[in-house]
Amino acid sequence: MSADFVDWHDEHELDHRRRLRNAMLVSLAIHGVLMGAFAFSSAPHVAKMPEVISVELIGPPLAASSAPKSSAAPKSPRAAAPKPAAPAPPPPPEPEAPAPPPPTPKAPVQVLPEEAPSKIAKVEPKPKPRPKPEPKPPPRRTPEKALSHEDALAALMDELGGDEVSDSLQKAPSKEEPAEPATSGGTPGEGDRREGAKMDSDMARWMVATHRRIQDKWVTPPHLRGRGLATSLELRLSASGAVVGEPKVVGSSGDPNFDDNAVRGVLKAAPLPPPPRGGSVTFIFRSEAE
Amino acid sequence: MRQTNVVGEMQNRARNLRGNSWFTGLRGVSLAMGLSVGVSGAAFGQSLENEQGPLPTLEITPGAARAFRTAVLRFKEVGAPVGAERIAKLREEIEKGLAFSSVVLPLRREAYLGPEDSAGLEEAGGFDCDTWKQSGADALLQGEVRRDGSRLRADLRVWDVARCKELKVGSVAGDRDRLDQLGRIVADETVESLTGTRGVSSTEIAFISDRTGQRELYVMSADGRDARPATRSNTIKMFPEWVPDGRAILYVSYASGQPDFHLTSRSDSVKPGPILRNMLSGRPKYRGRFDPTGEKVAVVSSVDGAAEIFSMNRRGGQPKRLTNDAGIDVSPSWSPDGKEITFVSDRTGSPQIYIMDRDGGNLRRLTYTGSYNTSPAWSPDGRWIAYETRVRGQFDIWLIDPTGEVTFPIVEHPRTDEAPSWSPDSRKIAFSSARRGRDDIYVMDWNGENLMRLTGRSGKNIQPAWGPQSR
């Protein structure tokens, strides 16, 4: 593993890695599913991230546009139904589903801009609330025994590559939502899967390292935070991680200063960690974590 | 089948891991989808880029870095000698101005890897972007300085180090003995080139002080330097209010026994003295606030003993009464688009913040939190209204958004903070506070950081009014 993975004591890094790990694991799974299925319709390149449950292609548009064939496609996992991004009603087993940020009863309290002082109060008649400190992203400790990134990857590769299912994955808690059995259509050959898994593990490492690197270098002054802005940049990376040419704003945030600053952030971070392969990449810069 | 299981489990896992942060957990999922799609695209030979298709999309959220760093080089002397001392002083003043901004800070001198002397501006660049990038600089400020009689002219060029691209060229001139002013203007220009909004180190703050025994109007630099009296007439002065073009300050004087408007001049083109005497004549004028164009004034006067708000044209015409109720209506503050006015009314029994249209219509109550809310000040960018609220017998400054949905304290302190006034860039707030026992003027960033006391030698210092940009 690269040095970027070493510091386990850094909360920020931990959280970050966890996120990517999850992404990675799911990705591998879906990868298989998608291979079996057919190509999905291409969604336009958008700065907005997909709605909760739907599959919205962030990657390059693929050619075909039909929905997954019901016969060939494995019944899609409940939470990944490849529907067009729409505020579809939440799939039943997920009570918490799509609702936007905090499910507040009625009080119209909104997300504070990140820079806002550390407290928030609901607008309501007295008594004057002595607001609690803003739920500072608490050290996000894994409730379960933390599965290291490497373990997770290894387990998943095993799983995808062979028949044994790794214990750790098998035992993953899923009380309220037993995974729905599904009939799986044609999956690609073992060899392909191994290839894919190997590539994805490299990719995951690169993603973690790259995210970290840009985040460290990108200066975001208070007035640009917490405004719900997002800018998509498209750029080309050489195999050594150098940015080739100037990043292109393909999805503007509407604030030229924010767009500009995203470009500055990427270039300041360059050269990026060497990617598994050179090519084009899209980065979405957001004015706040959600 | 296996895959489905894994996905289901992973989602559960994501949820468990992320706890209450559902969205973020799912964000991971969607990110993963981007990834898998990219990969399967490759598998189907539909890639655009190369055999394996583009790299997965990554989302980046802000990290810890909040301020840009700028390397400030020693400006190059051109023509008649300026003197190394002056050049060094100018550099220092530029750095002070940057430091005041909180968003574009000077690069620490210890971090410099490249030469500290600016090349001439004729030469293209004359520095190595990568070296400065490694120093941690986001921007580089080069310049030339030349003497022009008793004045100095500074030509400057700001570079974006990451892009190795020029951000701004400019020219600033000033008294050669006022290098502080010159430096602050250069700093504010530099801030603008990086953030899109001009810095405020060269702006001024007016306030009322009784340091000579009488309440007089004073003006100081936004960082607290050079405080000087703007009036001296031995009568009470209150509520300074800048004319939006910065050429004069309106204040309320009790010279005639009843409160009236006067102007103090900041420019040769404005004659100081009483103004608007014929409007609402015979009635007290407790306070006046200009709309953003400077053409209209919201005036607090009284009708049958109760304070009401009027709107009048600065150049004449009938005043229009905007409020009409038995309670007290005071402290008007215009929205930056000039279409609305926020103010204080006690019509429900306790002072609360309201908003009305500029013609008095569409009245609505804004604050419901707290039993005593006063002194609203609308930020120049329109996002917030700062106000003071009573907490256990003293006051804190809070922000509320104009829809009334979000409100929170900027800073809490057991002693009173009051009379907030926004900087023209909406990044800072000046206010008065008794936190040291006696009232003094302070500034802080709008998120409560970088608190700085500006006054403190003597007397009570109250009612700060942050002036406009000078250009």
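Tutor: Let us start with one pair of strands: β13(B) and strand β14 (residues 273-274) of chain B run antiparallel and are joined by two bridges. In this predicted model, local features need pLDDT of at least 70 and side-chain atom pairs count only at pLDDT 80 or more, while totals for chains, interfaces and linings use all residues. Residues are numbered from 1 along each chain as its sequence is written, chains are lettered from A and ligands numbered from 1 in the order in which they are written, and side-chain values use heavy atoms, with hydrogens and water left out.

Student: Which residue is the bridge partner of H262(B) in β14(B)?

Tutor: Strands of a sheet pair through backbone hydrogen bonds, either parallel or antiparallel. Here a strand is a DSSP run (E, at least two residues), numbered from the N terminus, and two strands pair if DSSP finds at least two bridges between them. For H262(B), the partner in β14(B) is P274(B).

Student: How many bridges join strand β12 of chain B to β13(B)?

Tutor: Strand β12 (residues 248-253) of chain B runs antiparallel to β13(B), and six bridges join them; one of the facing pairs is A248(B) with S265(B) in β13(B). The two strands form a hairpin with six residues between them, and in the turn G257(B) has a positive phi of about 95 degrees.

Student: Is strand β13 of chain B mostly covered or mostly uncovered?

Tutor: The reading rests on relative accessible area: buried means under 20%, exposed over 50%, and partly exposed in between (1.4 Å probe, protein chains only). Strand β13 (residues 260-265) of chain B is mostly covered, with five of its six residues buried.

Student: What is the order of the strands in the open sheet that contains β10 of chain B?

Tutor: This open sheet has four strands in the order β10-β9-β8-β31 (chain B), and the pairing is antiparallel. Its edge strands are β10 and β31 (461-466) of chain B, each of which pairs on one side only. At the β10(B) end, strand β9 (residues 216-221) of chain B pairs with β10(B) over two bridges in the antiparallel sense, and V219(B) stands opposite R228(B) in β10(B).

Student: Where does I236(B) lie relative to β10 and β11 of chain B, and why does I236(B) count as partly exposed?

Tutor: I236(B) sits in the loop between β10 (228-229) and β11 (237-242) of chain B. It counts as partly exposed because the relative accessibility of I236(B) is 36%.
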